[in-house]
Amino acid sequence: MDWFWWVFIFFMAGGFAKVADTARTALRTRHERKMERLETARQERQELAAAQQQPQPVCGCTHHLAKHDKKGKCHELVEVAVAWDADRKPVQYEAGQCTCQQYIGPQPLSQVYAEDLTDLA
């Protein structure tokens with residue numbers, strides 16, 4: 001029963017606070033590392049999904065090639081600033097037509113199927 005008094009004195013002197021603080025810090029660190037691993041896994045999944053997508057033909061105005069006609073004019077609506085404050089920052093916007101000229105870049109390729117060349121002889 002002598003050990004009981006030593007444990008009692010240890011906890012009364014603040015030993016339990018140190019044990020609880022150490023446990024709380026360990027759990028916080030574990031949680032942060034777990035969240036980092038989950039975020040890394042999510043980023044890897046997004047990167048794999050992005051790597052498997054076909055490249056999209058996008059104009060310099062960030063609109064898809066399908067929004068442009070054969071002459072190169074873009075038919076997408078964008079926000080155009082119409083009023084500015086004293087610091088020359090826009091404060092009011094209206095819908096307007098995109099003013100880009102033409103898509104410049106590689107033309108998308110269609111998928112091509114070719115049989116493997118093998119030497120069976």
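The protein chain contains two helices and two strands, and the order along the sequence is α-α-β-β. Helices (H or I, at least four residues) and strands (E, at least two) are DSSP runs, numbered from the N terminus. This is a predicted model, in which local features need pLDDT of at least 70 and side-chain atom pairs count only at pLDDT 80 or more, whereas totals for chains, interfaces and linings use all residues. Residues are numbered from 1 along each chain as its sequence is written, and side-chain values use heavy atoms, with hydrogens and water left out.

Of the 121 residues of the protein chain, 11% count as buried. Buried means under 20% relative accessible area, exposed means over 50%, and partly exposed lies in between (1.4 Å probe, protein chains only). Accessible areas come from the Shrake-Rupley method with a 1.4 Å probe, and for residues only the protein chains shown count as cover.

**Surface patches**

Patches are made of residues with over 30% relative accessible area and no salt bridge; like charges are joined within 9 Å, and nonpolar side chains (Val, Leu, Ile, Met, Phe, Trp, Tyr) within 5 Å. A nonpolar patch on the surface has about 1400 Å² of accessible area together, and its members include Trp3, Phe4, Ile9, Phe16 and Val19. Helices α1 (2-12) and α2 each supply at least two residues of this patch, and α1 gives the most, with ten residues. Ile9 is placed in helix α1; its relative accessibility is 47%, so Ile9 counts as partly exposed.

A positive surface patch is formed by Arg30, Arg33, Lys34 and Arg37. For charges, Lys and Arg count as positive and Asp and Glu as negative, while His and the chain ends are not counted. The place of a charge is taken as NZ of Lys, CZ of Arg, CG of Asp or CD of Glu. Arg30 lies in helix α2 (residues 15-51), and Arg30 is exposed because its relative accessible area is 61%.

**Salt bridges**

Side chains of opposite charge can pair when their charged atoms come close. A salt bridge is a side-chain nitrogen of Lys or Arg within 4 Å of a carboxyl oxygen of Asp or Glu. The structure holds three salt bridges, listed below.

| Arg24 | Asp21 | 3.7 Å |

Arg24 and Asp21 both lie in helix α2, three residues apart, about one turn of the helix. Arg24 is partly exposed, with a relative accessible area of 47%, and Asp21 is partly exposed at 36%.

Arg42 and Glu39 are separated by about one helical turn because they are three residues apart in helix α2. Arg42 has a relative accessible area of 33% and is therefore partly exposed; Glu39, at 34% relative accessibility, also counts as partly exposed.

In the remaining pair, Lys67 is partly exposed, with a relative accessible area of 39%, and Glu76 is partly exposed at 23%.

A polar atom of the Thr40 side chain lies 2.8 Å from the backbone oxygen of Glu36. Thr40 lies in helix α2 and is partly exposed, with a relative accessible area of 41%.

Key
Polar contact = N/O pair within 3.5 Å; in protein donor to acceptor, adjacent residues only side chain to side chain.
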